[in-house]
Amino acid sequence: MNTKTKLLLLPSLIAIALLGVGCDRAEEHDDHGAEAGRAESDGHAHGAEEDEHTGQAGDEHTEEQHDPGSEDHGDGESHEGHGHDEHEEDVVRLTPEQLERAGVRIEPLASGTITTHVTLPAEVGLNQDAVLHVTPRVPGIVSEVRAFLGNDVRAGDLLAVIESPELGEAKIAFLQAVQAKAIADAELDRQRTISENTATLLDHLRQELSTDELQERAADLRIGANKGRLLSAYARLRAAEANYAREKELRDKGLSTQADLLAAQEAYNSNQADYFAAFEDVDFTFRLRFQEAERAAQVASSAVGNAERRLHLLGLSDEQVRGIETEPDINVSRYELTAPIGGRIVTKHITNGERVSLDEAVYTIANLDTVWLNISVYARYTDLIEEGQEVTVHAGGRTTRGVVDYISAVVSEDTRTVLARVVLPNENRAWKPGEFVTVRVETARLSADRVVPIEAIQFYEGREVIFVQGEEGIMPVPVRIGTRNDRFVALIGDEVALGAPVVTANSFLMKAELGKSAAGHDH
């Protein structure tokens, strides 16, 4: 309850409290009147004797009656009687119902912990670990702007469209590389087929099959020109071999000349040499051509990979790269600038028709789910602030708590303060970067035997007191104040016993009631 509210409620609460007190005192006043009447009758009988001892009799009467209203009926009170009246005035008598209606709370005095703190200024800022400056990967002319200042975006959302010749050239190079790779892959497949068929044919030739059987087995083998070359050489070799064998047989029978035999032998040797030469040449050539086809396919594949990497460097995703082959030619230079992270656009520097370059950020996107609280720690407090300490943040009607997670090792030259940082959750966007707040940093926790709320302490008759409930009522008890913060205070000494019922809320009403009682007696 603030001070203004307390002042507005004070008259009503005092009136409620005095209602019960007034009734009690009216009864005491009636008893006192009866006693006064009897004293007057006795005075007529003992006039001379009573006149001699008027002051003493008045004091004895005050002690016996314990009547706080007797001061209105005796001009001969001694100093001792007046002191006892003051003691009676320092007691507030209210029923439990009256205390409850007045909002007075009474609790047993107990031990507790006093947390000390320092209050420092701070500024809410963007979480720089969650801020990203968006820069185009390619230069060009802006053709469309899709996102604007203050928009919330998700990762991958389209921000703007840029027409970029550099991107167009990179796409064309990629398409050319893809086409070259397709040709190289087809040639590799052809050479693989030729190689496999040639190897099969050479195996058949090594078996020295008949010409007819070889022709039959080689009929379905796709080899190319080397197939005819090998089969022809093999057929000539078999024919020369047969002719040489026939001439040799005729010579042995004397039916042929030596010249014919030598001619047949020469023809056989010549065809054999031609066949072996063709065999070795084809065996070597088909392996070489297959290796060359493999190498060409690898080079083409590498070229496609490099062209794709170039496109990725320019900001295209895998999906966008896959779509290049099917996209219309009009989009060959189209560059889509997308949001790399989700968040809110906090700055925008891009318009339609503007030329953008690689060294200028056109958007700034910040994830506002968390913010930084930058605390300015004065030099005299630097020894009190440590990482891991709890802080309480106040801004208007908002309050939250956090933990110091970073303290700078450098003193600012401009402010001569040290920066301490707290990361605050901000899912509801309550904390606005740039606003100034007040931070309370806990510096110590001290245990105390006796702790009361700060509002339990009142300043009464030049002393700090708390109000303790006893058998006679609620009485002020002077206390000595120890460590305090803005909510609680520690009591030094044992003037009030632990467990004693103490007024902890609306104790100012007790002080006001005592003041009212004193004013009534003075009247």
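**Note on the predicted model**

1. Confidence. The mean pLDDT of the protein is 82, and 82% of its residues reach 70 or more; pLDDT is the predictor's confidence in each residue, from 0 to 100. This is a predicted model, in which local features need pLDDT of at least 70 and side-chain atom pairs count only at pLDDT 80 or more, while totals for chains, interfaces and linings use all residues. Residues are numbered from 1 along each chain as its sequence is written, and side-chain values use heavy atoms, with hydrogens and water left out.

2. Regions to treat with care. Over residues 1-87 pLDDT stays under 50, and the model has 63 contacts beyond four places in sequence for them; contact means heavy atoms within 4.5 Å. Confidence is lowest in helix α3 (residues 54-65), at a mean of 33, and highest in β10, at 96. Where pLDDT is low, the predicted coordinates should not be read in detail.

3. Overall make-up. The protein has 11 helices and 21 strands. These elements are DSSP runs numbered from the N terminus, helices being H or I of at least four residues and strands E of at least two. Of the 523 residues, 36% count as buried; buried means under 20% relative accessible area, exposed over 50%, and partly exposed in between (1.4 Å probe, protein chains only). Among contacts between residues at least 6 apart in sequence, 74% join residues at least 24 apart. The protein exposes about 30000 Å², with carbon and sulfur atoms supplying 50% of it; accessible areas come from the Shrake-Rupley method with a 1.4 Å probe, and for residues only the protein chains shown count as cover.

4. The largest nonpolar core. This core has 30 residues, of which Leu159, Phe174, Leu311 and Tyr363 touch the most other members. A nonpolar core is a set of buried Ala, Val, Leu, Ile, Met, Phe, Trp, Tyr and Cys residues joined through side-chain atoms within 4.5 Å. At least two residues each are supplied by β4 (140-145), β6 (158-163), α6 (165-206), α9 (258-313), β7 (334-338) and β10 (363-366). Helix α6 gives the largest share, 5 residues. Not counting residues up to four places away in sequence, Phe174 touches Val304, Ala307, Glu308, Leu311, Val321 and Ile324.

5. Phe279 lies in helix α9 and is buried, with a relative accessible area of 12%. Leaving aside neighbours within four places in sequence, Phe279 is in contact with Leu202, Leu205, Arg206 and Leu230. Phe279 and Leu231 are 48 residues apart in sequence, yet their C-alpha atoms are 9.9 Å apart in space. Phe279 also belongs to one aromatic cluster with Tyr234, Tyr275 and Phe276.

6. Glu292. This residue is also found in helix α9. At 39% relative accessibility, Glu292 counts as partly exposed. Glu292 and Leu188 are 104 residues apart in sequence and 8.5 Å apart in space, C-alpha to C-alpha.

7. The structure holds 5 aromatic pairs. Rings of Phe, Tyr and Trp (its six-membered ring) pair if their centres lie within 6.5 Å; planes under 30 degrees apart count as stacked, over 60 as edge-to-face and the rest as tilted. The rings of Tyr378 and Tyr381 have centres 6.4 Å apart and planes at 50°, so this pair is tilted. Tyr378 is partly exposed, at 31% relative accessibility. Arg398 lies over the face of Trp431, at 4.7 Å from the ring centre, and Arg421 lies over the face of Trp372, at 4.1 Å from the ring centre. A charge sits over a ring if NZ of Lys or CZ of Arg is within 6 Å of the ring centre and within 35 degrees of the ring normal.

8. Positive phi in loops. Most residues other than glycine have a negative phi. Arg416, in the loop between β13 (398-411) and β14 (417-425), has a positive phi near 55°. Asn506, in the loop between β21 (501-505) and α11 (508-522), has a positive phi of about 60°. Arg416 is exposed, with a relative accessible area of 51%, whereas Asn506 counts as buried at 7% relative accessibility.

9. Ala500. This residue is placed in the loop between β20 (488-492) and β21. Ala500 is buried, with a relative accessible area of 15%. Not counting residues up to four places away in sequence, Ala500 touches Glu107, Pro108, Leu109 and Val468. Ala500 and Leu109 are 391 residues apart in sequence and 5.4 Å apart in space, C-alpha to C-alpha.
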